[in-house]
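This briefing walks through a few local features of one protein model, grouped by topic. Please keep the sequence and the structure in view while reading.

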Amino acid sequence: MSEQGTRGSRQDASGSEHGSERTVSTEFNIETVEQAAAAPEVEQPWAELGLKENEYQRIREILGRRPTAAELAMYSVMWSEHCSYKSSKVHLRQFGEKVTQEMNKDLMVGIGENAGVTDLGEGWAVTFKIESHNHPSYVEPYQGAATGIGGIVRDIISMGARPVAVMDFLRFGDIDHPDTKRVLPGVVSGIGGYGNSLGLPNIGGEVVFDEVYQQNPLVNALAVGVMRHEDLRLANASGVGNKVVLFGARTGGDGIGGASVLASESFDDAKPSKRPAVQVGDPFSEKVLIECCLELFGNELVEGIQDLGAAGISCATSELASNGEGGMHVELTNVLLRDPTLTPGEILMSESQERMMAVVTPQNVEAFKAVMAKWGVEYSWLGEVTDTGRLIIEWDGETIVDVDPRTVAHDGPVYERPYHRPAWQDQVQADSFRTSEAGQNLPTTAEELGEAVVGLMSSPNMADVSWITDQYDRFVGGNTALSQPDDAGVIRVDEETGLGVGLATDCNGRYAYLDPYTGAQLALAEAYRNVTTSGAVPMAVSDCLNFGSPEDPEIMWQFAEAVRGLADGCQALGIPVTGGNVSLYNQTAGRAIHPTPVVGVMGKFDDVGRRTPSGFQRWADGQAIYLLGTTGDELDGSEFARLRGHLGGRPPAVDLAAEKTLGEILINASRDGMIDAAHDLSEGGLAAALAEMSLRFGVGSRTSIVELCERDGVDPFTALFSESQARALVALPRSEELRFTDMTTARGFPALRLGVVDAESGGIEVAGPFDGGSFGIGLDELKQAWSSVLPSRFDAVQQATEAVRTEQ
Amino acid sequence: MPLWHAGQSLHGVDAVVLPGGFSYGVYLRAGAIARFAPVMETVVKEAGAAASSSPLPVLGICNGFPILTEAQLLPGSMIKNDHLKFLCKDQVLRVENNQTVWTSQFTDNELITVPMKNQDGHYVVSAEELERIEAESRVVFRYVGANPNGSRHGIAGVTNERGNVVGLMPHPEHAVEAGYGPDDAIGMREGTDGLTIFTSVVSSLAGDTT
């Protein structure tokens, strides 16, 4: 541990144990505000920093002069798409507008803070958020994914909460593409390596393979944290004279936005060459930081706190200052560095991980130091809160930044990007599966249907993902009540009462491609359904909106439609969006990903002991299996269509009122102990749900779709593979059948008895109005086909990459 | 009662559990740095006290196991799993020694299911030492079924000569509460086989004081 003193004591090298002292570098020019004002005509590298000319001119207007190199660096990162949401802001407003008081009754902190906070009752609050780390994970899969976990976890800590679980939502290119073999194993071990080390259970997620994600994998991470109400903290710097402190890891040259910023400073060849733009994670430092922060919160030693993520110190200082009294004075040479040659601009932009900034009252300084000493965390005092309304950053006493922090943090450019419905959209929607060539010669006989079920379950997107999830610790903490492969991850919050939360994230990019408005609502509907299937009462939504370039009006239309759909959907379901993340420019060589609006829903359990698992258990032999909901002819965008290489038509219709009723039934049935298993119907339809419920614990079933085909007027193929929404399968003891059907009848919701759990059969038997009368699939055979898909692709390559990493 | 790594005092506790985790990030070798924690000096002294009739019971779980081997309270060492991946699964173990203070309430050769989750669970030990611990019945837990990580002789846990120090890679503390444990014959997450480890030591200690 070492502390670097305030300004002036830097020359006193005796204060440091780790040689953190350094002489002020003269290898680069320190450009002061005075110099910038005196030399207005100097050419500045705004374009290389990613700013547009109008944005650069706007900065000059705001400042009444040209910016210094350091100011330009700050504005460039804070006004970037990633930090300023400049293209998405005008649309995202709907999440705040399309709400009712009723929807926000449990909302303690809404959009705009590090993460939204929801009141869970009994004095508990929960905070959760999803964030993307797509591009870094493509460039360096292990570190990119690892720091994705690290970043989202720090967002949770900075609200005052203890992180309790993570989830991951992954999209990769074609499973057999060589680049998928490079990216996937690294991403998975990065997520595991970081999350496992932090002692956070990974309780679920999603994995999809589709060639549209080739060269544009998606790595979205969700973290959830819990706190007592009184522990809630916000990121603001209040209290004139309070101290600003930076603690955690040292600042290095990793994660500096475009390295082009180096062009803004003169430097020589002695400087380390271009540094990686991907951050490097250190989970041990983060673990120590978590415990250290929680102790700071517990002892009420910090007034405000902000994690350092994107845009590093630029973001932390400007956000803390503008959310508080509006002024801050910082001496930048007090920042502890890993690399003493960093320029002021680089220090301001560095995205080195495992750092936090806090505001501490003078009275608490000694106690703060004691906590740092206990956890062995390095820190340095950077400056203090002022009431000047200015963020002043000095370099060895010379002013290099003098700005209104609001102009950096909140008054960035806002664009009404042009958008229009793509010309190809109508054509794509007209190309329905049924009328396509791919939709001909569909399976009709018992043999063909049985083979189709096995084919479906052994396709990359329906296959067993335990090759991935077995690399994640799902037990640590001792409070995991459900995790992958169940519909939702469930975590107990209060060990006395059993109070807890259920979480699910979903998105089907194929649906969103066919119709982004509906696609976003389908993502919401599925996440909602998953949460209610587990028995939790939905409370809040977080999203991670992954799209291509907003500068393409057709992509912008997809984005606008998806946001509109999601905001309307949340209003219909009565649950608010509490926060989220936008990831744009997910395209390579002009080819964009499918619009992928990932939606996470968080629900509440009064007692997680009531949660419903997704499969038939051995002791449930003879239980009745019911299908809830109605099946229509909805094969467009389906997994079966994907198997035949087809994508066209319109996605399944959304009926949020039906989803809500279905949710109420599932929640009540779980609460009253009526059902012992429940699984939602989504990708792969009834066939997949039946297979998954049997594969979960290796317990078979005997069902018939004769009545289903008759009641809903569909053929056997459609009954099995259609992806109609608002459906679920449940299993319940025969003694509960009457009570259960009374409930569904009272709510006017279709429920049909399909058959029974058959623990002894070791297979799935389905009878129906088709040639042959029934087909049976042995569970051993099915499990073999289903579980060998990922190992056959990734076992060897994982061993090779890990061996290389180990040698390093 | 939590013990702090930087202090030497055991605060009068009757037994010590070194839990799992990634001490010092496992950036060097599992347990290699943690064994130098000041509190470990006292643990080593009290657990290895040759003169004492009742040396301190110590249990090392997962990362706690290599801390005990690094501290030379237990033989052998831990390296990366042979498949090089982190692996989390419900694991069946056979209790081969029910004479230790931590296993006295298991029946002989009892099969138990507890979660296992690690990246460095591959137990290695020299050929002579391996022969010796086998001969002295110091293998406490052995993996049943396929060897999950390449451990020598499928060893999951061992004890010292006096049976007061036990280390194992799987996590008995994750199989102590129905609803949050491994799957077992009764149902999902219902497994509580790990509980016996803790009731064994409590009963041994209770026996000591009476």
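A:Glu451 sits in helix H15 (residues 446-457) of chain A, where a helix is a DSSP run of H or I with at least four residues and a strand a run of E with at least two, numbered from the N terminus. The model is predicted, so local features need pLDDT of at least 70 and side-chain atom pairs pLDDT 80 or more, while totals for chains, interfaces and linings use all residues. Residues are numbered from 1 along each chain as written, chains are lettered from A and ligands numbered from 1 in the order written, and side-chain values use heavy atoms, without hydrogens and water.

**Surface charge**
- A:Glu451 is exposed, with a relative accessible area of 52%; exposed means over 50%, buried under 20% and partly exposed in between (1.4 Å probe, protein chains only).
- Together with A:Glu447, A:Glu448 and A:Asp771, A:Glu451 forms a patch of negative charge on the surface, a patch being made of residues with over 30% relative accessible area and no salt bridge, with like charges joined within 9 Å.

- In helix H26 (residues 779-787) of chain A, the residues A:Leu779, A:Leu782 and A:Trp786 are buried.
- These three lie on the same side of H26(A), because they cover an arc of only 65 degrees around the axis, taken from the directions from the helix axis to the C-beta atoms.
- A:Asp780 and A:Gln784, on the other side of H26(A), are exposed.

**Backbone**
- A cis peptide bond, with omega of about 10 degrees, joins A:Gln484 and A:Pro485.

Note on methods:
Patch = residues over 30% accessible without salt bridge, like charges linked within 9 Å, V, L, I, M, F, W, Y side chains within 5 Å. Areas by Shrake-Rupley, 256 points an atom, 1.4 Å probe, with all protein chains shown as cover. Salt bridge = Lys/Arg side-chain N within 4 Å of Asp/Glu carboxyl O. Lys, Arg positive; Asp, Glu negative; His and termini not counted. Charge placed at Lys NZ, Arg CZ, Asp CG, Glu CD.
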